Amino acid sequence: MNPQVLVDGLIAGAMYGLGAIGVTLTYSILRFANFAHSELLTFGAYAALALSSALGVLSAGLLAPIGPFSFGWSLPLAAIAAMALTGLLALAVDAVLFGRLRVRRSSIIVMVMASFGAALTLRSLLEFVFTSKPAYFTRELQIALPLGGGMRATPDQLLALAVAVLLVVAVHLLLTRTAIGRSMRAVSENQALAGVVGVDVRKVIRVVWLLGAALACVAGIMAGLLVQLRPYMGFDLLLPLFAAAILGGIGSVPGAMLAGLIVGLAEAGTVQLIGAEWRTAVAFVILVLVLLLRPQGLLGRPQA
Amino acid sequence: MSTVAPPPALATQALVAGYERDLPIVRGVDFQVAAGELVVILGPNGAGKSTLVKAIAGLVPIHSGHAFLAGADITRSPVQEKVRHGLAFVPQTENIFATLSIQENLQLAADILPRRVQAERIAEVCDLFPDLAARRSARAGNLSGGQRQMLAVARALIVKPSVLILDEPSAGLSPKIVGEVFARLKDINAAGITIVLVEQNVKAALAIAHRAVILVEGELRHEGPAATLAEDPIVAQLYLGAAPAGQEEGR
Amino acid sequence: MSVELIAYGCFFLTVALTYAIMCLGLNLQWGQTGLFNVGIAGFVAIGAYVSAILTTPDTAGRLGGFGLPMAVGWLGGALAAALVSYLVGRLTIRLRADYLAIATFGIAAAVQLCALNLEPITGGPFGIGFIPRPFAAQAGNPLLFSLFNLALLITVVLLLYFALERLVRSPWGRVLRAIREDETAALALGKSATRFRLQAFAIGGGIMGLAGAAQAHFIGFIAPENYLPMLTFQVWAMLIVGGSGNNRGAILGAVLVWGIWAVSAALIAAVFDPGQQARAASLQIALIGVAICAVLLLRPQGILGEMRTVSRHLGTLAKRTQPAEKRPE
Ligand SMILES: Nc1ncnc2c1ncn2[C@@H]1O[C@H](COP(=O)(O)OP(=O)(O)OP(=O)(O)O)[C@@H](O)[C@H]1O
Ligand SMILES: [Mg+2]
């Protein structure tokens with residue numbers, strides 16, 4: 001097998017992992033599979049695109065590529081604002097939709113269906129605003145650097161990998177070392193008891209939306225940077241993200257990252273061995289295998 | 001009796017509560033606990049004992065009536081506020097975070113305290129429970145039943161509550177361990193913390209309680225000093241003898 | 001009235017009725033049993049492809065066709081879709097409620113991918129043509145041809161409707177509703193509750209497969225792009241407008257939504273220039289999304305509401321929602 005598979009798989013996998021962390025966190029605390037998570041990805045990517053272009057209009061200097069990368073300072077600046085915007089969008093959807101259903105103690109499946117409706121709405125509105133034509137953060141071409149052993153990667157790809165690793169570590173530390181992280185884990189295990197202990201569950205839910213949305217935004221920007229932006233970019237990632245979140249074990253951040261990498265590598269391997277046209281089947285096969293063999297996932301607790 | 005009575009540590013007034021609006025489980029309970037008292041709530045399975053204490057703690061909707069903590073109305077305060085007002089609650093089941101370590105369980109409770117006193121409070125509580133202190137980094141899910149109850153009590157004590165409510169802390173424990181848990185509760189009470197104890201384990205509970213109330217079908221039917229109730233043959237026959245120990249409530 | 005107009009009316013209704021069949025299948029899964037299927041397009045596609053392969057004349061370079069009678073094709077399509085539904089259900093029904101949703105979402109993607117890539121079986125991106133059409137002998141007379149086809153579909157829908165109504169009122173249907181309405185009942189039934197739900201899911205999937213087969217034979221040609229997720233969204237919109245839990249509503253919703261869809265598509269085509277049409281069409285989908293959310297928030301029983309047999313459930317649902325308002329989250 002071509003060693004390049006490893007690089008391609010790791011880079012795609014890092015992106016999946018990042019998206020899957022958002023899925024797994026919101027899933028473990030809100031307790032339903034949020035089909036609208038993918039639209040947070042798409043929204044984040046387009047928000048960053050719009051803001052970055054706006055910054056470029058204000059000052060052309062911001063568009064000049066930074067060092068070896070394909071984008072200028074406008075993108076990282078826009079990314080920070082886009083993360084905040086995506087978080088606000090998630091809070092807004094929660095306020096008008098999920099929050100109301102939660103107060104009524106709606107069943108899981110009603111929440112899932114609501115997320116499905118929200119996904120349709122958001123995705124179609126994005127398609128309306130940005131059209132289905134692919135868009136790009138930059139037009140700069142990048143030369144892939146040799147990494148040794150016949151492997152190559154562009155500086156953008158390496159940066160994406162580094163950012164993913166950094167964010168995973170940061171989220172892991174947040175969950176394990178801070179008070180809010182402790183509250184999040186407590187709410188995910190037992191919401192009623194968390195309240196008894198003094199945790200403000202509503203605040204935790206807000207934080208989780210913000211965090212999940214910000215991570216989705218970064219994953220979306222990565223996908224946009226490494227491939228392209230399309231209104232369906234998030235939708236197409238939904239199956240790999242769910243597969244990774246379930247494979248990793250719902251609620252487990254290291255699990256989600258590990259599983260994201262597994263899905264990415266399996267896809268890259270499949271492209272090499274079987275053919276690119278079967279790539280999207282990989283996530284489904286992995287999903288079926290996990291549900292069949294180990295429904296609690298690699299690092300999840302049983303009967304979660 | 002003193003001339004000006006202080007407000008009771010905990011009181012309910014015509015409290016009606018239940019899981020669904022048209023289905024009250026607790027039906028008009030008037031209940032008072034004086035500061036420093038150890039009161040036990042007895043009653044047959046399904047009487048609504050858990051529902052009553054969960055309603056006071058804020059986990060079950062209160063339909064009408066009031067709950068007071070040291071004279072302050074806490075009927076409508078959300079569950080996470082009550083612990084800040086000094087009301088600690090140990091539920092009947094699932095009363096610890098099994099996926100968190102012992103230290104994290106305690107720290108979680110301490111998180112609502114000012115930062116500078118957190119470590120100190122945890123250390124103080126650990127002094128009371130040396131078994132737990134020895135295994136602070138272990139996952140709480142790996143503890144034995146008795147250790148879990150100890151952890152749940154320890155966690156509740158972190159905030160120095162004025163009132164501690166425990167729902168069947170002896171459920172599922174061997175008689176020896178029940179003795180240990182109850183001895184600990186007696187010490188805690190002696191240290192000045194008001195305790196409300198829901199129990200099926202009548203003998204052990206009456207042995208440490210000052211007073212007992214009996215709840216039947218959501219209403220208070222009897223109350224009196226623990227010693228008298230323990231000897232009252234009618235009460236014993238009606239509600240106490242038949243109650244098996246260690247019943248777990250359905251979710 | 002001109003002959004063309006009547007023929008067009010028949011054509012429109014016939015297509016609408018194929019959606020009505022899908023809607024009836026979904027109603028059994030969601031409306032009666034509370035199982036959330038996000039992969040309707042996949043099950044419809046299975047029915048369409050299986051029936052097409054079974055009934056088309058032998059074709060070089062592709063598996064089959066076997067030239068079997070149309071009835072065999074329809075039955076085969078329904079059975080294949082039912083089998084796949086059974087397997088998906090088997091895999092997920094005893095797990096978390098939303099794993100079924102994720103798995104059906106995955107199945108639809110996988111079916112789509114197979115249709116596209118398994119060229120020796122499915123014809124790949126070009127699909128399968130020359131699917132025998134019912135009453136092909138009448139093809140010379142458009143009016144008669146479309147009337148016959150419509151009559152056939154009406155018969156199928158009516159048969160299904162009465163069969164499902166009987167099923168709903170049978171002990172089997174009552175158990176299903178008991179499971180849906182009351183978690184304690186479901187728990188008490190334990191393993192057999194899972195079996196009942198699985199049966200309902202498989203039958204519902206089979207009905208979707210039948211719809212796919214009927215549609216394929218009526219149109220005469222299938223290709224992977226007929227079975228995009230959009231189809232799933234449309235069928236959901238139909239059931240929600242009609243009212244879940246109500247078979248008559250499911251049929252009415254299908255005809256109504258298909259009508260609105262066709263009219264609005266025509267409007268978009270007339271009003272917008274071709275470059276903007278896809279864009280305007282996305283607003284159509286956004287509306288489906290908003291409708292789903294609005295119905296969940298405002299009128300969980302749909303526009304027509306559930307039938308009397310199930311209205312008891314709504315009563316308890318409404319009661320359950322009330323005390324929660326006071327409850328802290
Ligand atoms: N979560 C719930 N939802 C709805 N009804 C409940 C719930 N929990 C308990 N009940 C009902 O409330 C009634 C009283 O239950 P409760 O748990 O308060 O009894 P209990 O006196 O604590 O009994 P036990 O001694 O068995 O613990 C019972 O009829 C029970 O079915
Ligand atoms: Mg109880």
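Visitor: What percentage of the 329 residues in chain C is buried?
Guide: In this predicted model, a residue is called buried when its relative accessible area is under 20%. Chain C holds 13 helices and 0 strands, and among the contacts in chain C between residues at least 6 apart in sequence, 76% join residues at least 24 apart. Of the 329 residues in chain C, the buried share comes to 55%.

Visitor: Is C:Val168 buried or exposed?
Guide: C:Val168 is found in helix α6 of chain C, and, once its neighbours within four places in sequence are left aside, C:Val168 is in contact with C:Gln32, C:Gly173, C:Arg174, C:Arg177 and C:Asn247. Because the relative accessibility of C:Val168 is 6%, and the limit for this class is under 20%, C:Val168 counts as buried.

Visitor: How many Å apart in space are C:Val168 and C:Gly289?
Guide: In sequence, C:Val168 and C:Gly289 are 121 residues apart. Taken from C-alpha to C-alpha, the separation of C:Val168 and C:Gly289 in space is 29 Å.

Visitor: Where in chain B are the two residues B:Glu37 and B:Arg211 that form a salt bridge?
Guide: The closest N and O atoms of B:Glu37 and B:Arg211 are 2.6 Å apart, and both residues are buried, B:Glu37 with a relative accessible area of 14% and B:Arg211 with one of 16%. The pair links distant parts of the chain, 174 residues apart. B:Glu37 is in the loop between β2 (26–33) and β3 (38–42) of chain B, and B:Arg211 is in strand β9 (residues 211–216).

Visitor: Which residue is linked with B:Glu37 and B:Arg211 in a network of salt bridges?
Guide: Side chains of opposite charge can pair when their charged atoms come close. B:Glu37 forms a salt bridge with B:Arg211, and the network that links these two residues also includes B:Glu223.

Visitor: Which residues are the protein donors of the magnesium ion (ligand 2)?
Guide: The donor atoms, OG of a serine and OE1 of a glutamine, lie 1.9 to 2.3 Å from the ion. The serine is in helix α1 (residues 49–57) of chain B and the glutamine is in the loop between β6 (87–90) and α3 (102–110), 42 residues apart. B:Ser50 counts as buried at 10% relative accessibility, and B:Gln92 is buried with a relative accessible area of 7%. The protein donors are B:Ser50 and B:Gln92.

Visitor: What area is buried between chain A and chain C?
Guide: In this interface, 52 residues of chain A are in contact with 48 residues of chain C. On the side of chain A, A:Arg104, A:Met113 and A:Phe116 lose the most area to chain C, together 16% of what that side buries. Carbon and sulfur atoms give 76% of the buried area, which is about 4,600 Å².

Visitor: Which element gives the largest share of the side of chain A that touches chain C?
Guide: Between chain A and chain C the count is 0 salt bridges, while 9 residue pairs are in polar contact across the interface. Elements that give two or more residues to the side of chain A include α3 (74–103), α8 (201–226) and α9 (233–248), and by class that side has 37 nonpolar, 6 polar and 9 charged residues. The largest share, 17 residues, comes from α4(A).

Methods: Residues are numbered from 1 along each chain as its sequence is written. Chains are lettered from A and ligands numbered from 1 in the order in which they are written. This is a predicted model: local features need pLDDT of at least 70, side-chain atom pairs count only at pLDDT 80 or more; totals for chains, interfaces and linings use all residues. Side-chain values use heavy atoms; hydrogens and water are left out. Donors are N, O and S atoms within 2.8 Å of the metal (3.2 Å for Na, K and Ca); water is not among the atoms, so sites may look incomplete. Helices (H or I, at least four residues) and strands (E, at least two) are DSSP runs, numbered from the N terminus. Buried means under 20% relative accessible area, exposed over 50%, partly exposed in between (1.4 Å probe, protein chains only). Contact means heavy atoms within 4.5 Å. Buried area is the accessible area (1.4 Å probe) that two parts lose on being put together, summed over both. A salt bridge is a side-chain nitrogen of Lys or Arg within 4 Å of a carboxyl oxygen of Asp or Glu. A polar contact is a pair of N or O atoms within 3.5 Å; within protein, one must be able to donate a hydrogen and the other to accept it, and residues adjacent in sequence count only if both atoms are side-chain atoms. Ala, Val, Leu, Ile, Met, Phe, Trp, Tyr, Cys and Pro count as nonpolar, Asp, Glu, Lys and Arg as charged, and the others, Gly among them, as polar.
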